[in-house]
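Me: I have a structure open and would like to learn how to read its features one at a time. Could you walk me through it?

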Amino acid sequence: MGISRYALNRRTFLRGMLGGTALSFALPPLEAMFAPNGDRLAHGAEIPKRFGVWFWGNGVRRAHWIPDGTGAAWMPRAELQPFVTAGVRDYVSPITGLEIKTATHPHHSGMTGIMTGARYFELGAVRDTIATTFAYPSIDQVVAERWAADPMTRAPYRSLEVGICRFRGTDEGTTFQHLSHNGPNNVNPSEYEPIRLFRRLFGMPLDAQKDVARASVLDAVKQEIDALKPRLSMTDRGRLEQHTASIRAIEMRLGTVGASCVRPGAPAEDYPEPSGQEPIAAKNAVMSDILATALACDLVRVFSVMFSTAGAGTVFWQVGAVNGIHQINHDERAMGAEPQPTVHAATTFTMEQLAYFLARLRNTAEGAGNMLDSCAILCTSELSEGFVHTNDEFPILIAGKAGGALRSGLHYRSPSRENTSKALLTVLRAIGDPRPSFGYLAGETNQVISDLLV
Amino acid sequence: MRGGWVSIVALAAACQGQIGGELPRPSASPSPSPSPSPSASPTVSPSPTPSPSPTVEPELPAFAPAPASLRRLTRIEYQNTIADVLGPGLPVPTDLEADTTLHGFTTVAASALNVGPLAAEQYEKIALDLSARVFADPARRAALLGCAPATVEDPCVRTFLERFGRRAWRRPLTSAELDRWVGVARTIDLRLGDVATSLELVTAGLLQSPAFLYRVELGVSDPADPTRRAYTGWEMASRLSYLIWGTTPDDALLTAAEGGALDTPGGLTVEARRLLADPRAKVALGRFFAEHFKLDRLAGITKDLATFPQMNGALPAAMRAEIEQLIARVVFDRNTDLREIFDTRSTFVNADLARVYNLPGVRGPGMVEVTLPDNSPRAGVLTTAGFLALYSHASVTSPTLRGRFVRQSLLCQEIEPPPAGLITELPEVDPNAPPQTLRQRLETLHLAVQPCSGCHSRMDPLGFGFEAFDAIGAYRTTDNGLPVDASGSFDGQAFRNARELASRVKASPAVSSCLVKMAYRYASGHRETDGERRTLRALDESLAAANYRFQDFVVALVTSDGFRMAGE
């Protein structure tokens with residue numbers, strides 16, 4: 001696996017821009033660019049920390065989720081067994097017994113609560129439910145913004161958003177269609193097609209001459225945005241500010257490509273669905289591969305995987321389901337010892353997909369260890385369990401070691417239904433974010449799960 | 001998300017909710033502020049209203065147009081527009097974000113969402129790629145440029161930018177804008193020493209400008225009334241063209257705008273009728289109906305293959321095509337009373353669909369028009385397999401989902417969300433009890449239980465009318481071995497079967513006013529405000545006055561105050 005020298009290129013490029021000549025790539029000695037200590041990659045660069053979210057809709061079956069025992073001695077029940085099977089149990093810390101403190105509507109509150117530490121922003125009460133968006137940036141963008149602002153943590157792509165199961169939800173606002181938000185109605189849509197993600201990351205040929213021209217064009221577009229803004233409402237000005245930021249993200253990549261990175265093989269052009277049966281495991285595997293490569297190339301350090309949306313109606317035909325899982329959560333009848341066998345099987349299947357992704361990172365050697373050592377990944381859903389549709393006893397896993405800042409493989413069981421934001425603040429601390437608290441109003445906390453932090 | 005209250009068997013422990021008719025409600029803020037809304041808590045009334053009581057129409061608030069907002073081109077609008085401005089024969093760009101839907105329509109989301117990093121990247125890549133293709137082809141390049149400039153200072157460069165810019169931006173460029181892009185061409189030419197490449201990049205630049213990617217329709221102050229702004233002729237050209245054609249204005253429309261023809265209702269009418277007569281209108285306005293009926297979701301339906309061997313991978317597309325063509329026949333080809341979509345016996349099937357309908361003699365995958373026999377259990381869109389399958393589960397029907405669609409989407413009668421934290425409890429089934437039809441079970445579980453019946457009495461009885469059609473829309477006379485009972489009453493009017501129910505729906509004034517409201521929402525790109533209720537009422541009257549012909553209604557819509565003006 002090759003190592004990106006992107007950070008170096010970009011910084012020298014920017015220096016060039018400031019000097020008025022966009023293509024002056026006068027390279028200072030490598031050693032000058034990096035901290036003198038720390039684990040290093042083959043090219044001498046420090047191994048970066050990475051942050052990710054891995055989200056699935058509709059929760060879990062509590063009875064099969066909450067591990068037996070706490071601390072390092074936890075014993076997985078059936079739905080966490082896939083991590084044992086995949087050999088990543090010791091990288092996974094189940095956090096149980098927390099609850100969303102801003103709960104008023106199960107799916108909407110759960111999604112925005114766990115992603116922002118806040119209540120949703122209501123766009124309207126329509127039909128028999130509500131339409132909402134996020135009031136604040138989702139946690140992946142909280143991290144992305146901070147890291148993008150610092151040349152030492154910036155990567156060519158501020159963040160990547162990946163979707164696995166096709167969208168089978170409703171139009172109850174962006175909360176139900178997207179995970180990554182920069183703010184209200186300001187979303188980073190997920191890429192669902194592996195070939196498109198691949199082309200985006202690895203398909204653009206390097207053309208330094210054209211990059212110069214592109215820079216001039218993008219600059220003119222930004223000028224036009226600025227010229228338009230004074231005529232607009234405050235809301236539309238905000239929208240155009242995002243547009244400008246989006247163009248800046250392109251500019252930052254000009255003159256740089258993951259040049260020393262090994263280009264992976266292209267995925268299949270298409271993942272057909274005979275009779276509506278989605279090849280979920282195959283898509284998850286290839287998306288995991290592309291994402292792991294992008295991380296290894298240091299093209300990106302922040303990512304989100306939306307395995308399925310909040311309240312998703314994914315049809316898990318792999319476990320015998322014929323209806324959407326959201327409906328099954330409501331409808332499935334008690335039979336024998338397991339009250340909801342299809343829900344349970346679908347949750348286990350979903351955790352197998354997550355386990356594949358984590359194992360893929362674990363199998364990617366990096367420095368003296370592997371890539372999962374450098375990651376902090378928040379794995380969660382928007383509900384406790386679909387059967388009751390509540391936001392207590394929230395399913396949360398924290399995976400990875402955050403470059404040694406996280407103690408992994410521990411089960412933390414909240415004794416007092418603590419705020420889910422506590423888990424989020426813990427992860428933020430592990431990746432070096434010093435903020436004293438996270439969340440808003442009832443969702444705010446200044447507490448961390450100290451057992452998990454080194 | 002709809003929860004247990006739409007479940008076919010779940011017994012909601014506390015699903016009381018207020019049944020809203022067409023009562024005024026405070027409009028949602030169209031522009032979210034970065035702080036949580038204090039009104040974000042669901043409101044639940046403890047006293048369900050059993051049925052809509054006739055309300056005395058209150059005096060409507062004074063007309064106040066909705067504020068203007070930038071509208072991002074939707075995916076299809078972008079694809080159409082870029083093909084129109086660059087010329088035919090280029091590949092259709094597909095590496096584009098999927099549209100988001102808000103309040104039922106992609107056009108509403110397009111007025112609210114941003115160009116995020118991914119979209120900006122995609123727009124740049126497409127613009128560079130297509131521009132390079134045009135410039136790599138000498139004939140195309142000559143056609144686009146209209147000359148072969150030897151230097152960037154050649155006057156024809158500016159002429160090209162004026163002509164192409166007006167087409168791409170749907171308005172003339174200002175001299176400052178022309179200067180800017182000539183300057184960009186100069187800069188690139190200085191660096192690369194290549195005039196053609198500099199113009200190729202400038203072309204790609206114009207296609208990334210906010211003037212291209214958004215519909216910038218802001219209006220100008222109305223001297224007669226400082227509280228409102230009138231959309232300019234150029235802006236009206238875009239509003240007309242994107243609504244009726246789904247793409248950028250053609251040269252004739254831009255010329256009409258330039259000459260002031262679009263400043264008056266008369267001139268707008270002439271151009272709207274010209275656009276409506278073009279085949280593109282059928283496709284673009286058909287998208288309104290497709291979004292309204294949520295036909296995109298048909299692509300994702302999953303049916304139990306053991307129960308429905310007729311189901312195959314191609315059937316959902318045929319189901320969709322039938323509904324689209326049925327509606328288009330009434331609304332466009334025949335340009336007749338649009339409410340006939342609810343009882344027309346003229347429809348479209350292919351071999352797969354004919355098998356579901358038990359119609360002999362239809363072969364092949366192509367759709368053919370058929371007239372259903374007079375004694376057919378089917379007539380109109382509500383008896384199409386697509387509608388019936390979309391609002392069903394994988395193996396059983398859902399009277400709740402079907403009735404809810406009629407009540408909420410076709411009649412615009414809202415049902416309040418149930419209380420938060422709803423716990424659904426599944427009733428034990430007595431294995432020794434005699435078999436029941438689904439209707440009988442729901443009458444026990446949803447309608448005989450007091451808190452539940454408040455909501456479900458508004459949905460399930462309508463859905464019972466469709467019980468003679470199974471979960472893929474095939475006709476049946478029994479359910480679970482017992483005779484189907486598809487009779488009922490729609491707001492006090494009895495029906496015996498789906499056709500009679502559809503006739504009742506067709507005759508309901510709520511159906512036409514709901515369609516007016518949804519079409520206005522789709523066309524204007526925002527959720528209607530209280531200040532626009534007078535416009536909506538006037539459009540209701542226009543539709544009736546036009547004998548419910550949709551095309552005449554579209555003309556009334558584009559000439560309405562609400563469509564021509566923005567709030568200050």
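Predicted model: local features only at pLDDT ≥ 70, side-chain atom pairs only at ≥ 80, totals over all residues.

Me: Let's begin with chain A. What percentage of its 454 residues count as buried?

Reply: In chain A, 61% of the 454 residues count as buried. The secondary structure of that chain comes to 14 helices and 13 strands. Among its contacts with a separation of 6 or more, 70% are between residues 24 or more positions apart.

Me: How do I read a sheet, and what is the strand order in the seven-stranded one of chain A?

Reply: The general idea is that strands of a sheet pair through backbone hydrogen bonds, either parallel or antiparallel. Here the sheet is open, its pairing is mixed, and the order is β5-β8-β1-β11-β12-β2-β13 in chain A. At the edges you will find β5 (160–163) and β13 (412–413) of chain A, each pairing on one side only. For one pair in detail, look at β11 (residues 375–380) and β12 (residues 396–399) of chain A: they run antiparallel and are joined by four bridges. Cys379(A) has Leu397(A) in β12(A) as its bridge partner.

Me: Which helix lies across β1, β5 and β8 of chain A?

Reply: That is α10 (residues 280–296) of chain A, which runs at about 170 degrees to β5(A).

Me: How are helices α8 and α9 of chain A oriented to each other, parallel or antiparallel?

Reply: For a helix pair, look at the approach of the axes and then at the crossing angle. The axes of α8 (residues 208–228) and α9 (residues 234–253) of chain A come within 10 Å and cross at roughly 170 degrees. Angles over 145 degrees count as roughly antiparallel, so α8(A) and α9(A) are roughly antiparallel to each other. Residues making the contact include Leu218(A) and Ile225(A) of α8(A), and Leu240(A) and Ile247(A) of α9(A). By class, the contact has eight nonpolar, two polar and two charged residues.

Me: Now chain B. Why do β4 and β13 of chain B each have one side without a neighbour in the sheet?

Reply: Start from the strand order: this open sheet of three strands reads β4-β5-β13 in chain B, with antiparallel pairing. β4 (220–222) and β13 (565–567) of chain B are at the edges and have a single partner strand each, so one side of each has no neighbour in the sheet. On average, neighbouring strands of this sheet are turned by 45 degrees against each other, direction ignored. Three bridges join β4(B) to β5 (residues 225–230) of chain B, and Asp222(B) stands opposite Asp225(B) in β5(B).

Me: Which domains does the assignment give for chain B?

Reply: It gives domain 1 (72–215) and domain 2 (286–417 + 436–507). Taken over C-alpha atoms, the centres of these two domains of chain B are 44 Å apart.

Key: Residues numbered from 1 in each chain as written. Chains lettered and ligands numbered in written order. Domains from an automatic or database assignment. Helix = DSSP H or I, 4+ residues; strand = E, 2+ residues; numbered from the N terminus. Buried ≥ 20, exposed ≤ 12 C-beta atoms within 10 Å, placed from the backbone. Contact = placed C-beta atoms within 7 Å. Pairing = 2+ DSSP bridges. Axes fitted to C-alpha atoms, helices over the stretch in contact; angles between N-to-C directions. Parallel < 35°, antiparallel > 145°, perpendicular 65-115°, else oblique. Nonpolar A, V, L, I, M, F, W, Y, C, P; charged D, E, K, R; others polar.
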